Amino acid sequence: SDEFAPFYVGDYNSYLTKMSKNGIWGGNMELTAAAKAFEVDIVVHRLGEPRYEILYQKGTPKRTIHISYHNERHYASVRRLDDMRSDHPAKKINLDKTESQQLQREQQ
């Protein structure tokens, strides 16, 4: 999408070509684009830091994806301890203890 072109310095079409290849790493802009493209919320976890949430803003998200961020350069998927089979979609991780906490988070 050209929606992100103003935020990229350089040849945006070359950037899109490069990013479309397997094994290319992305950052915050790519996570935001993924949230929009796949209609999901993305929660980024860092050890000792508050979680960072990228919320899908055009309706109800299809699901929430949890990832961890390590050493200021690497992302990894996060799964529940009782859900370590990678051949199935991840089970839902619920961070909100009450319905009001969930509503409050969704209204931010």
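Two strands count as paired if DSSP finds at least two bridges between them. By this rule, 4 strands of the structure form an open sheet of mixed pairing, in the order S2-S1-S3-S4. The model is predicted, so local features need pLDDT of at least 70 and side-chain atom pairs count only at pLDDT 80 or more, while totals for chains, interfaces and linings use all residues. Residues are numbered from 1 along each chain as its sequence is written, and side-chain values use heavy atoms, with hydrogens and water left out. Helices (H or I, at least four residues) and strands (E, at least two) are DSSP runs, numbered from the N terminus.

- The edge strands are S2 and S4 (74–77), each of which pairs on one side only.
- From one strand to the next, the twist averages 30°; axes are lines fitted to C-alpha atoms, for helices over the stretch in contact, and angles run from 0 to 180 degrees between N-to-C directions.
- Strand S1 (residues 41–45) pairs with S3 (residues 64–70) in the parallel sense, over 5 bridges.
- S1 also pairs with S2 (residues 52–54), here in the antiparallel sense and over 3 bridges.
- Ile42 stands opposite Ile65 in S3 and opposite Ile54 in S2.
- A hairpin is formed by S1 and S2, with 6 residues between them; in its turn, Gly48 has a positive phi of about 75°.
- S3 and S4 run antiparallel and are joined by 4 bridges; His70 stands opposite His74 in S4.

**Cover and the helix**

- Of the 5 residues of S1, 4 are buried, where buried means under 20% relative accessible area, exposed over 50%, and partly exposed in between (1.4 Å probe, protein chains only).
- Helix H2 (residues 28–38) lies across S1, S2, S3 and S4, and runs at about 45° to S2.

**Ser68**

- Ser68 is located in strand S3 and counts as buried because its relative accessibility is 11%.
- Its side chain makes a polar contact with the side chain of His70 at 2.7 Å. A polar contact is a pair of N or O atoms within 3.5 Å; within protein, one must be able to donate a hydrogen and the other to accept it, and residues adjacent in sequence count only if both atoms are side-chain atoms.
- Leaving aside residues up to four places away in sequence, Ser68 touches His45, His74, Tyr75, Ala76 and Val78 (contact means heavy atoms within 4.5 Å).
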